[in-house]
Amino acid sequence: MTEPTHGIVLGGGWAGMLAAHVLAHHVERVTVVERDVLPDGPRHRKGSPQGRHVHVLWSSGARIVDTLLPGMIDQLLDAGARRIGFHQDLVTLTSHGWQHRFPPRQYALMCTRPFLDWKVRDRVLAAGRITVRQRVEILDLVGDAKRVTGVRMRDMDTGAGETLEADLVVDASGRGSRLRHWLSALEVPPLEEDIVDAGIAYATRVYQGPPGAAAGFPAVNVAADHRLREPGRFGVVYPQEDGTWMVTLSCTRGAGLPTHDDEFLPYARTLRHPLVADLIALAKPLTSVAVSRVGANRRLYPERLDIWPEGLLVLGDALAAFNPIYGHGMSSAARAAAALDTELQRSGIAGGTTHRVQRAISATVDDPWIMAASKDVEYVNCRMNTTDPRLTGGAVARQRFSDLIADRSIRSSAVCDVVTDVISLTAPQSELASSDFLSLMQKDRVLPELTEPPLTADELALVDLSPRSAVGAGGS
């Protein structure tokens, strides 16, 4: 085979569009195959139910997107997305107490998922080298255990079948991917799969915040405390691109969830602190409650197979899907796209290279996988089916060390910087076991514990709340 001429990407979401953009620089043609109709604007679509809840794009993922699509992040900010500096622009009640608002080390982009998908999709498709086939479903992969040469697909409106040949097929079809079924039909050995399922569920409403608050009030995050050994409840108030607040309440298995509008505020009052409830009690709701119950951590291991078909790759949620509460999905997909680009620049898609490329892509999901999975196993009623030794052994010692870091991070600026680097996927998780970090844990100055949300008087005035405490609000 000479240089590839055609690439097919299964799925037109965030991961699929980034992968298609990369492929367009390495093959002559790219076709994106999508079951949905992709909206011409910031509107929700059926194939992305999680898009109705809060999303964040961590700075690591944002930097990759800006490298792939120069100027993209400034375009998003100019269009109204909010850049939230961690932890200056965020008020967080962690499992171990209130986080001091230290000067920002990393940031997250906050906006609605349909808005983000639409803006990036428009940039990716603007060059005209990518064809999108909408309302088309994939029936099978074409080929055998040694090589995939295309896909068999069906038009969902006419029922007409078609075979589309390609030099490379990339599965970016999300949590609903049928990859294991397709591979079985090609007589490829079964893929190993790990699942860590805390039973996470989400309920979201959009609110119009008080005048001036949407741009001048920090994001708010109230987390559960896993040490209580009871189902966890969480709540966030995140600013969005249109000057509104998106409020997502979530829980782990056994805690229940508000499914009706009149249950939303009462549920918010059951969180560990009333701040979320106090904020939305004064705000005007703009939407009804949207509920999703798909939040398990799930990972496939194609890199472990001795046999892997040439011409096939998998990335995004089809490869590894995380509890959305940690905000790692979009940045992980961006990391996979960057790895794909690097490997294709190195040697293209030649015989014997696809498995190597897949190993590079799979390596990018390891840190977000272990961070999300190891956190979720701490909650009661978590269901786990995994052979990952980092999750099956040494649970007590691991949790004790994690708690120590969490307790120190909220009160130590230098420790918080390293932890934020890791959480944002800017630094590897191994950094938390380095001798430098362990020394820092012992030496850095530790500030007093905060007993109330670290909000300034001016911030409280924006939302018409009475002052509680301004300690720690300015990075002190």
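**View 1. D197 stands opposite R383 in β23.** Strand β13 (residues 193-197) and β23 run antiparallel here, joined by three bridges. Strands in this model are DSSP E runs of at least two residues, helices are H or I runs of at least four, and both are numbered from the N terminus. This is a predicted model, so to speak: local features need pLDDT of at least 70, side-chain atom pairs count only at pLDDT 80 or more, and totals for chains, interfaces and linings use all residues. Residue numbers start from 1 along each chain as its sequence is written, and side-chain values use heavy atoms, with hydrogens and water left out.

**View 2. Zooming out, β13 and β23 belong to an open sheet of four strands.** The order is β22-β20-β13-β23, with antiparallel pairing; two strands pair if DSSP finds at least two bridges between them. Strands of a sheet pair through backbone hydrogen bonds, either parallel or antiparallel. At the edges are β22 (320-321) and β23, each pairing on one side only. Helix α11 packs on the sheet and touches β13 and β20 (297-300), a contact being heavy atoms within 4.5 Å. The direction of α11 makes about 140° with that of β20 (axes are lines fitted to C-alpha atoms, for helices over the stretch in contact, with angles from 0 to 180 degrees between N-to-C directions).

**View 3. F217 and W245 make a tilted aromatic pair.** Rings of Phe, Tyr and Trp (its six-membered ring) pair if their centres lie within 6.5 Å; planes under 30 degrees apart are stacked, over 60 edge-to-face, and the rest tilted. That rule gives four aromatic pairs. In this one, the centres are 6.2 Å apart, with 50° between the planes. The pair links distant parts of the chain, 28 residues apart: F217 is in the loop between α6 (213-216) and β15 (219-222), W245 in strand β17 (residues 245-251). F217 is buried at 2% relative accessible area, and W245 is buried at 2% too (buried is under 20%, exposed over 50%, partly exposed in between, with a 1.4 Å probe and protein chains only).

**View 4. F234 and Y379 meet edge-to-face.** Their ring centres are 5.8 Å apart and their planes lie at 75°. F234 is in strand β16 (residues 233-239), while Y379 is 145 residues away, in the loop between α11 (366-376) and β23 (383-385). F234 is buried at 7% relative accessible area, as is Y379 at 4%.

**View 5. The charged end of R83 sits over the ring of Y107.** The distance to the ring centre is 3.8 Å. To count, NZ of Lys or CZ of Arg must be within 6 Å of the ring centre and within 35 degrees of the ring normal. R304 does likewise over Y301, 3.6 Å from the ring centre.
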